[in-house]
Amino acid sequence: MAYDFNKDKFKEEILDHVRNFSRKSLEDATPQELYQAVAFAVRDIITDDWIASQRLYNKTAPKTLYYLSMEFLIGRALGNNLVNMGIWDNVNEVLHELNIKMNFSQIEEEEPDAGLGNGGLGRLAACFMDSLSTLSYPAYGCGIRYNYGIFKQQIENGYQVEFPDDWLKHGNPWEVKRTDTAREIKFGGTVSSYEDKYGRTHFTQQNYESVLAIPYDMPILGYKNGFVNALRLWDAEAPQKFVLRFFDQGAYQKAVEQQTLAKTLVEVLYPNDNHYQGKELRLKQQYFFVSATVQQAISKFKKAHGNIYLLPEKVVFQMNDTHPAIAVPELMRILLDEEKLGWEEAFDIASRTCAYTNHTIMIEALETWPIDLFARLLPRVYQIVEEINRRFCMELRDQHHFSENLIHDMSIISDGQIKMAYLAIVGSFSVNGVAAIHTEILKTNVLKNFYRIYPNKFNNKTNGITQRRWLSHANPELAQLITSTIGDKWTTDLMELKKLIPHANDNAFTKEYNEIKFHNKVRLTDYIKTHQGITVNPHSIFDVQVKRLHEYKRQLMNILNILLLYNEIKDNPNGNYVPRTFIFAAKAAPGYTRAKLIIKLINSVATLVNNDPLTRKYLTVVFIENYNVSSAEIIIPAANVSEQISTASKEASGTSNMKFMLNGALTIGTLDGANIEIFEEVGDDNIFIFGLTCEEVLSLYQSGTYNPWDIYNSDPAIHRIVKQLINGTIEPGFPDLFRELYESLLNRAGDNLADPYFILKDLRAYHDAQKKIDLAYMDKENWTKMAIMNTACSGKFSSDRTISEYASQIWEINPLIPIKK
């Protein structure tokens with residue numbers, strides 16, 4: 001049921017907030033002040049249920065999940081909260097009756113996207129939090145309150161330029177500061193030992209530097225159930241923020257030095273780690289939020305239960321990728337040094353409390369830390385990691401009789417590095433992949449030796465997305481059409497969408513479905529014109545690739561295919577071409593120079609194509625800057641084609657593929673990640689699959705027999721576009737600008753294969769698949785049926801299903817009784 005909504009009270013709260021906090025009348029309030037007033041009025045409604053949910057926690061003392069993640073890409077909160085509360089229409093009515101000149105979408109635009117994430121990892125965590133609350137599971141999301149996010153992207157002369165994302169400039173009306181639960185986090189210093197009267201050795205950390213971790217809680221609402229969990233984000237402060245003695249001596253900078261150093265911890269997400277200082281800051285960030293969370297969780301547990309041996313029955317830490325893997329030794333530190341347990345008891349408890357989700361099969365992406373850095377920064381934690389590793393290696397040697405070479409390869413500490421993924425596996429009771437093929441590759445390739453000794457730890461939990469955000473909020477017209485056709489049960493049971501399948505042949509339904517898609521394309525057309533200054537044709541195919549920029553995601557292959565099309569049109573301008581708009585959006589990590597060069601290439605090709613009178617009526621290329629959740633909510637509902645073209649075996653799962661599918665875009669993709677499961681759901685007739693399989697890619701890596709020169713020399717069209725990278729076609733004034741990309745496609749770099757992501761190998765098959773899309777799109781009636789089938793078959797990919805599986809099969813947590821409204 002929706003919340004009870006008192007319209008008069010809500011009006012009064014808006015007016016009071018504008019008057020009390022802005023000292024203005026409603027007519028004089030700025031758009032930002034109106035947003036703040038509406039947000040606080042909504043939060044006031046939420047607060048009663050937030051308190052009631054916490055009382056339910058305290059009354060039932062349930063086993064509680066702590067979901068540890070460096071990222072929570074939550075997007076804007078206002079609209080999503082109104083959807084989950086069921087008061088969207090009520091609030092719009094109030095704004096209309098107050099004669100506010102702005103409509104709700106304009107007020108919503110005043111809310112910045114929270115700068116708490118970057119890509120799929122963070123968006124997955126946000127979807128999971130939505131589902132945890134909707135299913136009323138007791139959980140905390142735990143991360144860092146970044147002051148400036150990752151960065152705000154601007155495109156200048158085709159290049160990515162990074163600026164601070166000052167998302168907290170006006171404050172955050174959704175958060176509550178909790179100074180009463182601050183935690184001290186210790187860095188550096190030395191470790192000393194002593195023996196107690198029973199002859200047991202204990203350790204203490206001395207001469208350390210410390211910061212205070214201050215939690216800020218944000219409410220995460222369940223869908224129309226009145227249940228509220230907290231997203232707990234840790235801010236950093238110095239134990240003594242201001243030293244008056246230094247200030248009085250005229251040492252003004254020294255007076256605030258400790259506070260400045262503390263704030264450095266939480267300034268940005270993923271600071272550039274191309275230098276030692278950046279690596280140190282990243283490690284400090286990870287330990288900072290993990291230690292704060294583990295300390296707080298144990299404190300809360302002890303108040304409720306007392307007996308530390310019951311911890312695995314009442315607490316579970318889920319490590320979202322390797323960033324929080326330090327939770328294992330940190331929990332051990334507390335059990336050993338503060339709870340005074342013996343090693344075997346402590347490790348038994350820790351390894352039954354921690355669980356690990358792996359998000360990559362790329363060895364180079366499995367996080368490692370230099371021993372000297374780790375030991376200096378976290379001396380006591382390093383001692384514990386050393387002992388975990390010593391005992392693990394002893395287990396491999398004595399119980400499994402592994403060779404010394406294999407033990408070296410599996411060791412948590414080797415070659416001067418600490419391997420955090422291995423630490424997470426050894427110290428956890430569960431290790432899960434995020435798509436069926438990804439988990440299989442972990443078991444048979446990347447982590448096969450760990451699977452040999454811990455087969456029962458490994459399991460799969462295919463990722464999912466929340467339909468409340470990605471359909472109800474992002475595509476309200478389609479959501480309304482679906483509800484009017486099959487009812488609204490799909491909002492909490494996405495498998496209900498299967499009931500749409502018969503309607504794929506219903507002329508009235510398909511007509512309205514098409515009209516909604518076109519409305520969304522017009523909306524995106526307007527957005528592109530406003531933000532990028534480019535006019536696009538809404539009747540063209542909207543072909544979209546929006547995701548983090550990485551070579552394995554193969555944005556480079558997409559733009560090379562556009563060059564193939566460009567050349568075809570130039571050579572035969574009177575051919576029969578289907579107009580297409582290629583839409584890109586992506587951020588590249590600030591230190592990832594090749595990825596940033598690919599962004600420049602996309603923009604340079606856009607300039608070439610969009611300004612050529614022969615090609616621009618058929619091809620338009622757009623790069624939308626500063627991609628985030630809010631722009632995704634405009635882009636995804638408008639897409640006709642979803643580009644999911646990663647090198648097979650490289651993408652763990654992907655979730656943008658699911659969002660596009662739900663909104664009726666057809667996938668062009670490789671058999672990689674969750675694409676395989678999408679293919680299984682929609683069938684061969686409703687998806688465009690091409691390229692090497694995972695098995696073929698892994699075989700080519702193993703044999704080392706792939707030679708891109710064979711393709712370059714045998715396919716004239718591909719030869720031509722690769723040559724265009726360096727012959728001045730794209731950048732006449734700087735023909736060598738893209739030579740690095742040219743070299744990466746054809747020549748080895750050290751021990752690495754040339755063209756390591758098989759772009760040229762798959763390019764012809766990709767181009768042929770794009771031709772099939774042209775033919776399919778020309779049959780508008782059948783294309784609409786294919787789009788509807790994608791929406792109808794997307795039920796498996798709800799994060800509600802994923803969370804239910806985690807809860808029952810890994811966490812063993814139970815839903816609390818929803819509070820009735």
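Which residues in helix 24 meet which residues in helix 31? Here are a few notes on that and two other spots; please keep in mind that this is a predicted model.

1. Let's start with the helix pair. On the helix 24 side, the contact is made by Arg594, Leu597, Ile598 and Leu601, and their partners in helix 31 are Glu740, Leu741 and Ser744. By type, the residues of this contact divide into 4 nonpolar, 1 polar and 2 charged.

2. Now for the geometry of that pair. Helix 24 spans residues 593–610 and helix 31 spans residues 739–746; they pack at an angle of about 110°, and their axes are 10 Å apart. Angles of 65 to 115 degrees count as roughly perpendicular, so that is the description for helix 24 and helix 31. Their crossing is left-handed.

3. Next, the nonpolar core. The largest one holds 282 residues, and the members that touch the most others are Phe10, Ile14, Phe288, Phe374, Leu524 and Trp811. Helix 2 (residues 31–60) gives the most to this core, contributing 12 residues. As background, nonpolar side chains tend to be buried together in soluble globular proteins.

4. Trp811 is worth a look on your screen. Leaving aside residues up to four places away in sequence, Trp811 touches Lys63, Leu65, Tyr67, Leu132, Val316, Gln318, Ile803 and Tyr806.

5. Finally, is Ser472 buried or exposed? Ser472 sits in helix 20 (residues 467–473). Its relative accessible area is 15%, and buried means under 20%, so Ser472 is buried. Not counting residues up to four places away in sequence, Ser472 touches Val83, Gln467, Ala479, Trp490 and Thr491.

Conventions:
Residues are numbered from 1 along each chain as its sequence is written. This is a predicted model: local features need pLDDT of at least 70, side-chain atom pairs count only at pLDDT 80 or more; totals for chains, interfaces and linings use all residues. Side-chain values use heavy atoms; hydrogens and water are left out. Axes are lines fitted to C-alpha atoms, for helices over the stretch in contact, and angles run from 0 to 180 degrees between N-to-C directions. Helices (H or I, at least four residues) and strands (E, at least two) are DSSP runs, numbered from the N terminus. Angles under 35 degrees count as roughly parallel, over 145 as roughly antiparallel, 65 to 115 as roughly perpendicular and the rest as oblique. A crossing is left-handed if the near helix is turned anticlockwise from the far one by less than a right angle, and right-handed if clockwise. Contact means heavy atoms within 4.5 Å. Ala, Val, Leu, Ile, Met, Phe, Trp, Tyr, Cys and Pro count as nonpolar, Asp, Glu, Lys and Arg as charged, and the others, Gly among them, as polar. A nonpolar core is a set of buried Ala, Val, Leu, Ile, Met, Phe, Trp, Tyr and Cys residues joined through side-chain atoms within 4.5 Å. Buried means under 20% relative accessible area, exposed over 50%, partly exposed in between (1.4 Å probe, protein chains only).
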